Amino acid sequence: MSTHKAILLHSREEPHKLETVPRPVAQTGEAVVRILAADIVPYMSQVLDGTRPYPLSLPMAPSNTAIGRIHEVGPDAVELTPGQLVYCDITIRARDNPSNLFPLNEQLLVSEMEYPLSDLCLMPVCLVPFGGLSEVDVKLGETVIVASATGRYGGAAVAVVLAMGATVVAAGRNQHALDSLAAMYASTRPLRTIRLTEDVSQNTANFKKAVRNPQGADVYIDFSPPEAANGLLLTSAIVALRPFGRCVIMGGSLGNIDVPYLEVMFKSLRLQGRFMYDRQHTLRLISMVESGLLRLGAAIGINQVEEFGLESIDEALQAAGRLTGWGSHVVLKP
Ligand SMILES: NC(=O)c1ccc[n+]([C@@H]2O[C@H](COP(=O)([O-])OP(=O)(O)OC[C@H]3O[C@@H](n4cnc5c(N)ncnc54)[C@H](OP(=O)(O)O)[C@@H]3O)[C@@H](O)[C@H]2O)c1
């Protein structure tokens, strides 16, 4: 019987363990993928120890979206072949279409564009905001407020909005991080930055000024972290939206949503929540990367990459927890 190594979580009371387990055999409608590299979200250790009470069905091999190579396909495979480089998506929903594997053009991405696997592991990070931005149908030439733009998903949202041909108003509290964003895109893409304050009216005034359209911004995408539970950011940005503007809520704030009621009603605003993305978003994002419209790695501000093997999972989790925000990236390479 062939085997493989996996990190297994049996219960939240015991630490995860690196174990040797039987290798699955691909049945009809399935493929076995050898994982080459996967990015680690900064709060993964909190998911494992239960600090973030995500529903898990145990025992499980915790994982994330990965870049892999097809090892074996089931007898009915028509598109996937062993040896093929694939993007292996972690999002599983009840569905009828059988596959969450997406072929990648290795010649283009690896040989011509020279992306290392760690850069390809940025695709899932970019895909999260792309799901929300697509949901509210961001169009060429529109203006999108992104906050917090200095975080991991906010930083990815900035790169994706620009790749979609829209202007970014990037908001955050950290002036140094905002300056880095502004410097990176200074001569190439339309981006303006706003330093957030605790004053809602001041933030709104700053947004309106930066949007440069007296009607307001077209879209606001919110990536408030759990610490930003007071809803001030959401209110500041909603007031800066134009009539029929759209707001997509994607963060992890633990508070309630409290927005100015009449502002939403009179301006006919659309408030939309969005968890992750759908299959068609993944296909579109891969096309954006393969066409060069959306760049990965240093071109979008990722300057620090730390890579770990499976046997160093604890160091990897610690590094992921330490290297939050935009600019760094932790990758697990089994
Ligand atoms: N919708 C989805 O499918 C989906 C998927 C993945 C993640 N998420 C959620 O997205 C959220 C953001 O994740 P992330 O990885 O981007 O977080 P992150 O890298 O930690 O960034 C969060 C940013 O928020 C800012 N911030 C921190 N405390 C704040 C406060 N008290 N008030 C206002 N701003 C504050 C910080 O920027 P400054 O210090 O510069 O202001 C920080 O860079 C998480 O809560 C996560 O659960 C949602």
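**Terms and cut-offs**

The shell around the ligand takes at least three residues from each of domain 1 (3-103 + 303-332) and domain 2 (125-273). The model is predicted: local features need pLDDT of at least 70, side-chain atom pairs count only at pLDDT 80 or more, and totals for chains, interfaces and linings use all residues. Residues are numbered from 1 along each chain as its sequence is written.

Q: What makes a residue part of the shell around the ligand, and how many residues surround the ligand?
A: The test is a C-beta atom, placed from the backbone, within 6 Å of the molecule. 25 residues surround the ligand. The closest are Gly151, Arg173, Asn174, Ala228 and Gly252.

Q: How do the residues of the shell around the ligand divide by class?
A: They divide into 11 nonpolar, 10 polar and 4 charged. Here Ala, Val, Leu, Ile, Met, Phe, Trp, Tyr, Cys and Pro count as nonpolar, Asp, Glu, Lys and Arg as charged, and the others, Gly among them, as polar.

Q: Which helix gives the largest share of the shell around the ligand?
A: Helix α5 (residues 152-163), with 3 residues. Helices are DSSP runs (H or I, at least four residues), strands likewise (E, at least two), and the numbering starts from the N terminus.

Q: Where do the domain bounds come from, and what separates the centres of domain 1 and domain 2?
A: The bounds come from an automatic or database domain assignment. The centres, taken over C-alpha atoms, are 31 Å apart. The contact takes 5 residues from domain 1 and 7 residues from domain 2. On the domain 1 side, the residues divide into 2 nonpolar, 2 polar and 1 charged.

Q: Why is α4 called roughly perpendicular to α5?
A: Helix α4 (residues 123-135) and α5 pack at an angle of about 65°, with their axes 8 Å apart. Axes are lines fitted to C-alpha atoms, for helices over the stretch in contact, and angles run from 0 to 180 degrees between N-to-C directions. Angles under 35 degrees count as roughly parallel, over 145 as roughly antiparallel, 65 to 115 as roughly perpendicular and the rest as oblique. The angle therefore makes α4 roughly perpendicular to α5.

Q: Which residues of α4 and α5 meet?
A: Val125, Cys126, Val128, Pro129, Phe130 and Leu133 in α4 meet Arg152, Tyr153, Ala156, Ala157, Ala159, Val160 and Val161 in α5. Contact means C-beta atoms, placed from the backbone, within 7 Å. By class, this contact has 12 nonpolar, no polar and 1 charged residues.

Q: Why is α4 called oblique to α10?
A: The axes of α4 and helix α10 (residues 279-290) come within 10 Å and cross at roughly 120°. That angle makes α4 oblique to α10.

Q: What makes α7 oblique to α8?
A: Helix α7 (residues 200-211) and helix α8 (residues 232-239) pack at about 40°, with axes 8 Å apart. So α7 is oblique to α8. The contact is made by Val200, Asn203, Thr204 and Phe207 of α7 and Leu232, Thr235, Ser236, Ala237 and Val239 of α8. These divide into 5 nonpolar, 4 polar and no charged.

Q: How do you know that the peptide bond from Leu58 to Pro59 is cis?
A: Its omega is near 0°. Pro59 is found in the loop between α1 (44-49) and β4 (66-73).

Q: What is the phi of Glu114, and where does Glu114 lie?
A: Glu114 has a positive phi of about 60° although it is not a glycine. Glu114 lies in the loop between α2 (106-112) and α3 (117-120).

Conventions. Contact = placed C-beta atoms within 7 Å.
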